[in-house]
Amino acid sequence: MKDFVFKKKFGQNFISDKNLLNAIAEDAEISSEDEVLEIGAGAGSLTEVLGEKASKVVSFEIDKDLQQHLLGLNLENVEFIFQDFMKTQMQDVESRFSKNYKVVANLPYYITTPIIFRLLEESSKLDSLTIMVQKEVAERICASVGGKDYGILTVMTNFYGMPKITRIIKRQMFFPVPNVDSALLNIKLESKYPNIDAQKFSKFVKACFSMRRKTLLNNLSTLIAKEKLKSVLDEQTLGRRAETISLQEFVILFEKLSNNF
């Protein structure tokens, strides 16, 4: 790997510290019973640790220049897929697993949020995600109601599961060294609201946050006529901003309004 040219377009920042790699696998609670999906094999350091602990690892890598190096590691229970995960059908991804699986990944910063949402929205066999993300993104996901970091990402991630930051990782642990620190985020999936249409709920939450300084009345009027809103919700509720509303309150509001959009 000493002559490898790191590619900025793929957001490549690799980890080699064995203690940290083992800690990531521990935080993900990987055992010999587990099947694991890794997105972004990179130099294969985390892949190797996962392969030692799990029964099977399916690892996606977009950079075909890494193919020779990764295949040369000769990891027996690891299947490398040299494709763009975001362009691979979820059905094709999940057909490689015999049961529910866990995601463990050091995600590129530039595409973190789309990958998280894709997994949460499209997967039918996902148990948990343990992902290295930009510290700021992890803080937004785990933000408290009313704070400046609380937003769509917070609400929707909590809709699907239970997120928590398990550790902060300083930028110096990566090579090349990025401009910001990272956090290891664990999200255990839970079916909290099985009767809620997740796609429709997401549309509703996005509308509520469309202009942060505006009230629900103004933001939701893009979905529902103001007169209709006033006939269903009281003035005090319509005068609130989305950042002050908890997930449970969003669900209650959605249930009251969902037949209107």
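Me: What makes a stretch of residues a helix or a strand here, and where does R118 fall?
Reply: Helices are DSSP runs of H or I with at least four residues, and strands are runs of E with at least two, both numbered from the N terminus. R118 is found in helix α5, which covers residues 112–122. The protein has 12 helices and nine strands. This is a predicted model, in which local features need pLDDT of at least 70, side-chain atom pairs count only at pLDDT 80 or more, and totals for chains, interfaces and linings use all residues. Residues are numbered from 1 along each chain as its sequence is written, and side-chain values use heavy atoms, leaving out hydrogens and water.

Me: Why is R118 called buried?
Reply: Buried means under 20% relative accessible area, exposed means over 50%, and partly exposed lies in between (1.4 Å probe, protein chains only). R118 has 9% relative accessibility, so R118 counts as buried. Buried residues make up 50% of the 261 residues in the protein.

Me: Which residues does R118 touch, not counting those up to four places away in sequence?
Reply: A contact means heavy atoms within 4.5 Å. With that sequence limit, R118 touches F85, M86, T88, Q89, M90 and S123.

Me: How do you know that the radius of gyration agrees with a compact globule?
Reply: The radius is taken over C-alpha atoms, and the globule rule is 2.2 Å times the number of residues to the power 0.38. For 261 residues a compact globule would have a radius near 18 Å; the protein has 20 Å, so the two agree. Along its principal axes, the C-alpha trace spans about 65 × 40 × 30 Å.
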